[in-house]
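Here is a short briefing on a structure.

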Amino acid sequence: MRIRPELLNRRAILAGLTACATFPGTARADDVIDLDWVDLLPEGNVLAPNTLRGLIDHESAPLISQQPANSGVRSDWNGKIVRLPGYIVPIDYKGTGVIAFILVPFVGACVHVPAPPANQLVFVTTQTPYESNGLFEPVNVTGMFGVSSISTQVAEIGYALSAEKIERFEL
Amino acid sequence: MISGFRRIRRSKILTTALTLAWIISAAPSMACGFHTYLPEKTAVDLILGSEHLVIARNSGASRFTYTPIEVLRGTAPAAKIPQLVDVVSRRKLSANPDDGVLFAYDAVQNNWSLVAYLTPEYRTFVKMVMDSGSEWGDGYPPERLKLVEPLQTHPEPALRSLALREIDQAPYALLRTMDLQIPVDTLLVDLWAQNGYAYQPIRILLLGLTDEDTARAELYDFINRMKHWDDAQNLGPISTALVEIDGDDGITRLEQTLLSDSTQPLNKIEAVVEALAIHNEFGSAALRSTIADTMTRLVTLRPDTAPLIARQFGSRQDWSLARTLEPVVQNRMLSNTQDFLEVAVYVAQGRENLK
């Protein structure tokens, strides 16, 4: 039997929470923590090595070997409601809507540049299918956040987010 | 905490650039995609791209240095031609007063390039290129191939060689429409000539354009030998030629020999898939259907081939296999994030194109 990814993901996030006694059911404006991608790196890490900025030598090696090693994840926002901007790589669909996607910090991740390290990838699920405007659409995602190294069924995705709100990001 | 908005805005330009990069990377299937040598400019490239073209000869007073005797384009640069007249050229120039050597001058780099030794025949060809080349525009137009086609069997080796190098630059879609005049026997002999190695890929592709059993036999032997090799050298052009010459049967042979063998290295599989992706651009509906079925069986047998399928078809903006690859994403059949995302991007792009 295939487990619905949105359920699996939320359960996994919840299972990973150790420090939180209660969880907000819905996001209120004053509860929401705005995060940036740098916040997902362990303290002391420097964001944007060359590979994260797309500055790679395409001739030098297969992309897989260039994926930066994961430097660890932060559990500071486990169970918190956060808002994070990023770009969509759709994974699962319901009809024409996306119900699971990977949020990446820069466009083109995984195409001509190496995938970001695990702590720069967020597996997002939503119970309400999101009618995406297209691949790499910029969005703001709000929802319950947590460390999720096993819940996504894909290795090396450091975080999971159960989205309550997905907004198109107006560039 | 820093808002990510600013980063997102900065990324707007990046969005456009990378989207374009994705699209641009879908270059047309070039015959030269299978080069085994570093592609250098041909004489035609130099003639088309040079602001200054001169014909030079040596003289009795300076037998070892070239002096411009005629300006074909631009002006006669003041810079002296540094190339010396080699002994063979000295003899030929001495024996043939109408011959010369064509040089191109790059004023920015202050650099002279020897384009070709000009016989009267070669000179006629140069004039034809100069007359018609200005209308060709970007890319490799059919007119350019038409101009070199008659040189395939020219008595002068330099012009025959130029023809082969020009053909090698043509997009595969154009190549397969050409009037091939090189005899199969010549292709086969030159294929294994010591100085022919660098041009094996184009000669293999040309074998595929024939309908000769001797060409088939060579291609079958190639494939059978390669089954036991670890590297994929020339497997791309061989697979392309095999499908060209045998159609569906060629695909079946590739599947039976390589694709259905789960022990084959992925680099070899990718070379075959590249060939099938090329044919998926031009093939009949029946051939494309066979390719789709073959890819479905391949990815079912080996989900780890999904990224290379996505790569080869995606780089040609061919999203026809999105449905075939979708289960790989849905069922999380790839453990590597890079691979997983590569296939997910292809599937997403395919779905968008279906909208």
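At roughly what angle do the axes of helix α10 and helix α11 of chain B cross? The axes of α10 (residues 213-226) and α11 (residues 235-246) of chain B come within 10 Å and cross at roughly 135 degrees. This is a predicted model: local features need pLDDT of at least 70, side-chain atom pairs count only at pLDDT 80 or more, and totals for chains, interfaces and linings use all residues. Residues are numbered from 1 along each chain as its sequence is written, while chains are lettered from A and ligands numbered from 1 in the order in which they are written.

**Terms for angles and elements**
- Axes are lines fitted to C-alpha atoms, for helices over the stretch in contact, and angles run from 0 to 180 degrees between N-to-C directions.
- Helices (H or I, at least four residues) and strands (E, at least two) are DSSP runs, numbered from the N terminus.

**Chain B overall**
- Chain B has 17 helices and four strands.
- Of its 355 residues, 40% count as buried (20 or more other C-beta atoms within 10 Å of the residue's own, placed from the backbone; exposed means 12 or fewer, partly exposed in between).

**Helix pair α10/α11 of chain B**
- α10(B) and α11(B) are therefore oblique to each other (under 35 degrees is roughly parallel, over 145 roughly antiparallel, 65 to 115 roughly perpendicular, the rest oblique).
- In α10(B), B:Leu219, B:Phe222 and B:Ile223 are among the residues that meet α11(B); the α11(B) side includes B:Ile238 and B:Leu242.
- The residues of this contact divide into 10 nonpolar, no polar and one charged (Ala, Val, Leu, Ile, Met, Phe, Trp, Tyr, Cys and Pro are nonpolar; Asp, Glu, Lys and Arg charged; the others, Gly among them, polar).

**Sheet of chain B**
- Four strands form an open sheet in the order β2-β1-β3-β4, with antiparallel pairing (strands pair if DSSP finds at least two bridges between them).
- β2 (67-73) and β4 of chain B stand at the edges with a single partner strand each, so one side of each has no neighbour in the sheet.
- The twist averages 30 degrees from one strand to the next.
- β1 (residues 52-57) and β2 of chain B pair over five bridges in the antiparallel sense.
- B:Val54 stands opposite B:Val71 in β2(B).

- A:Phe136 has phi near 60 degrees, in the loop between β4 (122-130) and β5 (138-147) of chain A.
- A:Phe136 is buried, with 27 other C-beta atoms within 10 Å.
- B:Asn110 has phi of about 50 degrees, in the loop between β3 (100-106) and β4 (111-118) of chain B.
- B:Asn110 is exposed, with 9 other C-beta atoms within 10 Å.

Technical notes: Two residues are in contact if their C-beta atoms, placed from the backbone, lie within 7 Å.
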